[in-house]
Amino acid sequence: MIQWLTRLRAAFGASFIWLVCLIYFTQGFRSFVWTAVSYQLKDRLKLSPSSSQFAFSIAFFPWSIKPLYGIVSDCIPIKGRRRVPYLVIATVLSLVPWLVLGLNATLRNSSWQFMTFLTVQNLGSAMADVVVDAMIAEAVRHEKASFAGDLQSISWLAMAFGGICGSLLGGYALTNLQIHTIFLLFSVLPSIQLLSCGLVEEKSVDSKVLLESSDSRSSDGANGNSSFLDDDNFSEKKSNTTMSRRKKSNKSKQKKSVSGKLEIAGKEDSLASQWFHSLKAATYSLCHAFKQPLILRPMAWFFLAHVSIPNLSTVMFYYQTEYLSLDASFLGTARVVGWLGLMLGTFVYNRYLKTMKLRRILMLSHVGLSILTLLDMVLVTRVNLTYGISDKIMVLFGSALSDAINQFKFMPFLILSGQLCPPGIEGTLFALFMSINNLGSTLGSFVGAGVASVLNISSGSFDNLPLGIAIQVLCTFIPIGFLFLIPKEATGLSA
């Protein structure tokens, strides 16, 4: 392990490895503070389960538009740099909301203002995630391509370690600290991240290189874009020539002043047109690639697999804390077990399922998820007590298995995403794939909030929760009917 880290440090630099590990650790450690957010919505703001689920859906929406951050950072450099300045902006957006919410009780106790700050915080976290992924891709491409798997591995390890630490400490913190203190404590990590941004050096990108890059991205079917710039440059030169002729009779001093202003304006227009051309080319190439049936059909299935299943996780959180009286420290432990289940699922998939057809893996995953959802039915109908099985055992067992099986479903998504990305726009298109996955989860949460509202499931009133879970079980089988969208011969090794 130490030798492995030493090789990575020698290849990419200690400051770069530190920043990557810190960002991914912070992403995992977010469970420390978001557990407190759940209790703030439930206990302090007195939101119903459906309203709380709606608030979470809105707050996490910035994760559904990740390609936007990638395109902007690719095409509009700040002082010649495309990564570090945007990472600084993202870190500030991640830091300030926690400081404000920790120090201002009025904003913390207002539902809409609280949700607004949470949305801004997620905007910063999602932007930082996109930027650091781009930095990893560039480092691997320019330095050591053989280290690509190692960088991804250390990223996932850092995030998993952060998730385990955050879940363990989050439950303990809620038992012993005030919620506003937890917000302030978590702000320490973004603060360290902000300081660490200054340790990483980034080469300046020339505007000509940026323009050539955008031309190469738009070469497939986007040849008409260059004429747009040519026409603009021609008209600009023509207007400049005409204006200079009109000024020939003026004094030389005025002539120099006017020509200087025109030169500055011309440079500004040229820079703006380059940005516009680069943004247009990147958007076109992204849309053109995504519209291909080989890419569109599988992504449509993964989107449908999230949207068609109502997410009742927030409702179950209310049930576990209010009806079952499970404390925060135990729920933190359950999340740790969930992280371990996720790691176990990754190991089992890589060891035993990589050669299996993806259609079969996804079908078995949904069948397994439906069985685990029935375990929730057993929990809420109290059948488990009849057989002497405690509520805590049911929650721990369900948390571990559900995360493991969800990983069986997520790994094929990652594999297909990586295999379907065409050369040249891998980073942005992969961010789009992840955004589709996140958007599907967000809409699934909206559907879950709607189901909870229609069934009148609220704090202290969980009589219709078994019916809601039954609907969830039935909806789990819907994506199986659309598995024809997944390539028939695709496996974990080839698409």
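Predicted model: local features only at pLDDT ≥ 70, side-chain atom pairs only at ≥ 80, totals over all residues.

Modeller: Residues are numbered from 1 along each chain as its sequence is written, and side-chain values use heavy atoms, with hydrogens and water left out.

Biologist: What is the secondary structure of the protein?

Modeller: There are 21 helices and zero strands. Helices (H or I, at least four residues) and strands (E, at least two) are DSSP runs, numbered from the N terminus.

Biologist: What puts the buried residues of helix 9 on the same side?

Modeller: The buried ones in helix 9 (residues 179–186) are Ile-179, Ile-182, Phe-183 and Phe-186. They cover an arc of only 100° around the axis, so they sit on the same side of helix 9. That arc is taken from the directions from the helix axis to the C-beta atoms. As background, an α-helix has 3.6 residues a turn, so residues three or four places apart point the same way.

Biologist: Why does Phe-186 count as buried?

Modeller: Buried means under 20% relative accessible area, exposed over 50%, and partly exposed in between (1.4 Å probe, protein chains only). Phe-186 has 1% relative accessibility, so it counts as buried. Phe-29, at 10%, counts as buried too.

Biologist: Why is the pair of Phe-29 and Phe-186 called stacked?

Modeller: Rings of Phe, Tyr and Trp (its six-membered ring) pair if their centres lie within 6.5 Å; planes under 30 degrees apart count as stacked, over 60 as edge-to-face and the rest as tilted. Phe-29 and Phe-186 are 6.3 Å centre to centre with 5° between the planes, so they pair and are stacked. Phe-29 lies in helix 2 (residues 14–44) and Phe-186 in helix 9, so the pair ties together parts 157 residues apart in sequence.

Biologist: And what makes the pair of Phe-54 and Phe-446 edge-to-face?

Modeller: The angle between the planes is 65°, at 5.4 Å centre to centre. Phe-54 is partly exposed, with a relative accessible area of 35%, and Phe-446 is partly exposed at 28%.

Biologist: How many aromatic pairs are there in the whole structure?

Modeller: A search finds 18.
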